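Student: Could you take a close look at the aromatic side chains here and explain how their rings are arranged? I would like the criteria stated along with the description.

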Amino acid sequence: MANSYTQLYIQLVFAVKRRQTLIHRDWEDHLYRYITGIVQDNKHKLIRINGMPDHIHIFIIYKPSQPLPQLVENIKTSSGKFIREMGYVKHGFNWQNGYGAFSYSKSHIEKVIQYIDNQKEHHKKKNFQQEYLQFLKMHEIEYDPKYLFEFNDEETSTIPPDNLPE
């Protein structure tokens, strides 16, 4: 084959450090537009972006010419700096270490878009931790619970494996 052709649909999910609820409705659209620019500048196509005060979902058509960890690091570093420079958060802002990256087939695009669009409604029923565990289970990704989340001080970082959502 003379050329390489790809069509890779990836949903990225990552949280604010210690899952603090720092992303405010007043400026989240500005943040989403900024992240869209980062994705496009890196030659990927943003399909949908949305989130909650403590985490974000980014659905893209991924071009494998750039390593995925490099793209995520670029998004997190640049957007964190943007939030701090805009003064949106008084006491600093950082994204949690790590991220989730979940792939989908073309036939699932509309369902993923609807899911991301309905984040506010969806999270009336389950929190970020439950949602993220569900993604890991659905995609059959093995993980060590003690390295899964960075929690606020009042929470514990151990999640019993039998506590997975259905």
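Tutor: Across the whole structure, a search finds eleven aromatic pairs, where rings of Phe, Tyr and Trp (its six-membered ring) pair if their centres lie within 6.5 Å, and planes under 30 degrees apart count as stacked, over 60 as edge-to-face and the rest as tilted. This is a predicted model, in which local features need pLDDT of at least 70 and side-chain atom pairs count only at pLDDT 80 or more, while totals for chains, interfaces and linings use all residues. Residues are numbered from 1 along each chain as its sequence is written, and side-chain values use heavy atoms, with hydrogens and water left out.

One of the pairs is formed by Phe-59 and Tyr-104, whose ring centres are 6.0 Å apart with the planes at 90°, so the pair is edge-to-face. Because Phe-59 lies in strand β3 (residues 55-62) and Tyr-104 in strand β4 (residues 100-104), this pair ties together parts that are 45 residues apart in sequence; strands (E, at least two residues) and helices (H or I, at least four) are DSSP runs, numbered from the N terminus. Phe-59 and Tyr-104 are buried, meaning under 20% relative accessible area, as against exposed over 50% and partly exposed in between (1.4 Å probe, protein chains only).

Phe-102 and Tyr-132 form another edge-to-face pair, at 6.2 Å centre to centre and 75° between the planes. Since Phe-102 lies in strand β4 and Tyr-132 in helix α5 (residues 128-138), the pair ties together parts that are 30 residues apart in sequence, and both Phe-102 and Tyr-132 are buried. Ring pairs also link Phe-102 and Tyr-132 with Tyr-115, Phe-128 and Phe-135 into a cluster.
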